[in-house]
Amino acid sequence: MNSKHTLFLLFAVFLSACSSQSKLTNVTNDSFSNLVNSIDSIFNDKDFESAFWGAEIKSLDNGKVWYERNAGKLFMPASNEKIVTTSVGLLTMGPKFQYSSNLGYRGEVRDSVLHGDLILYSNGDPTLYSRLCESSLVLFNKYASELSSLGIKKVTGNVYGDDTAFENEHIGYGWAYDGLSYWYSAPFGPLQINENYVDYKITPAKEAGGEVTVVPNIPTSYHKLENNLVTVDAVKHYPNMHRVLNSEVVKFNGEVKAGGRTFEWSPTVNDPTMFYLRVFREVLDSNGISVEGKSYSAYNVENFDDIKSGKVVISTYYSPEFAEIIKGLMKRSQNLYAETVARTISWYKQGKGVMRNSRALIYKKLAEFGLKEGSYLYRDGSGLSRYNYVSPKHLVKILEGMYSSEYKDLWLDIQPLAGVDGTLRRRMKGTAAEGNVRAKTGTIANVRGLSGYVTTADGENLVFSFLVNAHSVGSKDTERVTDSVLELIAAYNKDK
């Protein structure tokens with residue numbers, strides 16, 4: 001897309017901010033008229049006078065548009081961007097797709113010594129995390145076992161991380177640098193372990209002046225920790241965590257209350273490939289296998305193709321099926337998963353995960369749902385970027401398309417369910433929307449989104465998309481608006 005076109009789209013966003021207009025569809029009876037007027041009144045909440053809403057509500061049963069407000073204008077979607085990424089990922093790879101990882105070596109094994117190198121490859125498996133599988137280290141424990149079965153106790157050469165399945169970039173275009181310390185902004189790549197962060201449990205001492213203990217969820221020394229936390233009787237300087245930009249240094253500062261509760265911080269890693277290789281070597285060491293050489297990313301080795309060509313694969317591991325992966329992506333709103341899927345699209349179709357190529361494939365695929373290329377901006381896979389722009393009408397078209405696709409049941413199942421699971425598990429409880437609304441949430445600073453499906457009390461199936469930009473209130477305020485609308489719709493019965 002050329003710069004002139006981009007400027008045109010951004011100008012359109014500016015114009016939309018200056019015109020917050022709603023369109024109430026033609027009414028058929030008084031009860032429906034009252035419903036639509038109530039919806040309009042909710043969106044006119046005085047707390048959002050400085051912001052602007054976009055909304056579309058449409059029947060999936062007869063195509064009738066119930067309500068529109070700036071529906072064709074462009075908004076930053078936050079994590080509603082995952083609707084774009086995940087829909088195309090599923091349509092491209094299918095529900096049975098699995099990521100694969102393997103360990104190989106080159107050289108010769110003599111007298112329990114590998115006179116050569118180890119080479120690790122993956123095409124992006126994001127699932128190696130203890131909250132999702134038996135252990136974050138399940139893959140590396142398998143590798144260690146395979147090496148031991150070959151009688152290998154020592155490796156004289158190097159460990160190479162073949163991370164060439166994706167292009168050599170690790171953060172999304174337009175990500176805020178001041179969020180890069182935190183798990184939700186974890187860097188991504190084809191070699192990933194523990195979701196590219198470390199969970200540290202922080203436990204204050206029982207008495208003031210005592211040592212604050214810090215325990216990682218995996219045994220690794222990757223981070224260079226500076227634990228400056230102090231146990232006090234009365235906290236004046238609240239604790240904080242920060243990873244120094246472009247480094248492995250993580251600083252824990254501030255005060256914690258004596259005898260206080262254990263809490264958790266999850267700083268990201270700086271380099272996913274080197275983190276992967278560090279943890280792998282630590283697992284080998286714990287299993288009595290020593291490595292004399294160094295660790296390298298394939299991108300930092302000039303003759304890596306020659307090295308790779310001599311590899312003998314000794315162990316292969318497959319991820320859970322894609323249907324399970326995208327369920328975690330959507331229900332947890334997991335950014336690392338979304339960025340991985342975005343790049344897997346072009347890896348799957350073209351042999352290498354390159355974001356600009358995936359973007360072109362996404363535009364082409366969604367044109368089948370009526371989204372014209374150039375009418376929206378797709379800049380990252382997760383929605384962390386503030387350069388993404390999409391309209392409620394775009395999202396409704398995608399949601400309609402997936403509702404009519406062969407993957408309808410799976411697509412509905414992976415959405416967070418109001419009052420039940422995912423990012424909606426605490427919302428809309430005790431209302432007609434509980435266990436009814438299936439929708440993707442979205443949150444970045446001053447931006448909220450909620451797009452998905454709801455069924456009325458008389459059984460009509462609806463699709464909706466609500467986006468708000470430039471607001472200065474909190475999440476609870478935006479939830480009050482969106483959830484109230486959905487609760488009204490879920491309880492609506494045209495015959496009463």
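View 1. Where pLDDT is low, the predicted coordinates should not be read in detail. For the protein, the mean pLDDT is 94. Of its residues, 94% reach 70 or more.

**View 2. The largest pocket and its centre.** The largest pocket holds about 730 Å³ of space. Its lining is made up of 31 residues. S333, T423, T441, G442 and T443 are the lining residues that lie nearest the centre of the pocket.

**View 3. The elements and residue classes around the largest pocket.** Several elements give two or more residues to the lining of the largest pocket. Two of them are helices, α7 (322–332) and α12 (475–491). The others are strands: β19 (438–444), β20 (447–455) and β21 (461–469). By class, the lining has 14 polar, 9 charged and 8 nonpolar residues.

**View 4. The open sheet β10-β13-β12.** This sheet has 3 strands, and its pairing is mixed. β10 (224–227) and β12 (240–243) stand at the edges. Each has a single partner strand, so one side of each is left without a neighbour in the sheet. From one strand to the next, the twist averages 15°.

**View 5. The pairing of β12 with β13.** Strand β13 covers residues 249–253. β12 and β13 run antiparallel and are joined by 4 bridges.

**View 6. The open sheet β9-β8-β15.** Here 3 strands form an open sheet with antiparallel pairing. The edge strands are β9 (213–216) and β15 (263–265). Each of these edge strands pairs on one side only.

**View 7. The pairing of β8 with β9.** Strand β8 covers residues 200–203. It is joined to β9 by 4 bridges, and the two strands run antiparallel. Y200 has its bridge partner in β9, at P216.

Note on methods:
Residues are numbered from 1 along each chain as its sequence is written. This is a predicted model: local features need pLDDT of at least 70, side-chain atom pairs count only at pLDDT 80 or more; totals for chains, interfaces and linings use all residues. Side-chain values use heavy atoms; hydrogens and water are left out. On a 1 Å grid over the protein atoms alone, a cavity is a set of points where a 1.4 Å probe fits but cannot get out, and a pocket is an open set with protein on both sides within 12 Å along at least five of seven lines; lining residues have an atom within 4 Å of a point. Grid points are joined across faces, edges and corners, and a volume is the space filled by probe spheres set on the points. Ala, Val, Leu, Ile, Met, Phe, Trp, Tyr, Cys and Pro count as nonpolar, Asp, Glu, Lys and Arg as charged, and the others, Gly among them, as polar. Two strands pair if DSSP finds at least two bridges between them. Axes are lines fitted to C-alpha atoms, for helices over the stretch in contact, and angles run from 0 to 180 degrees between N-to-C directions. pLDDT is the predictor's confidence in each residue, from 0 to 100.
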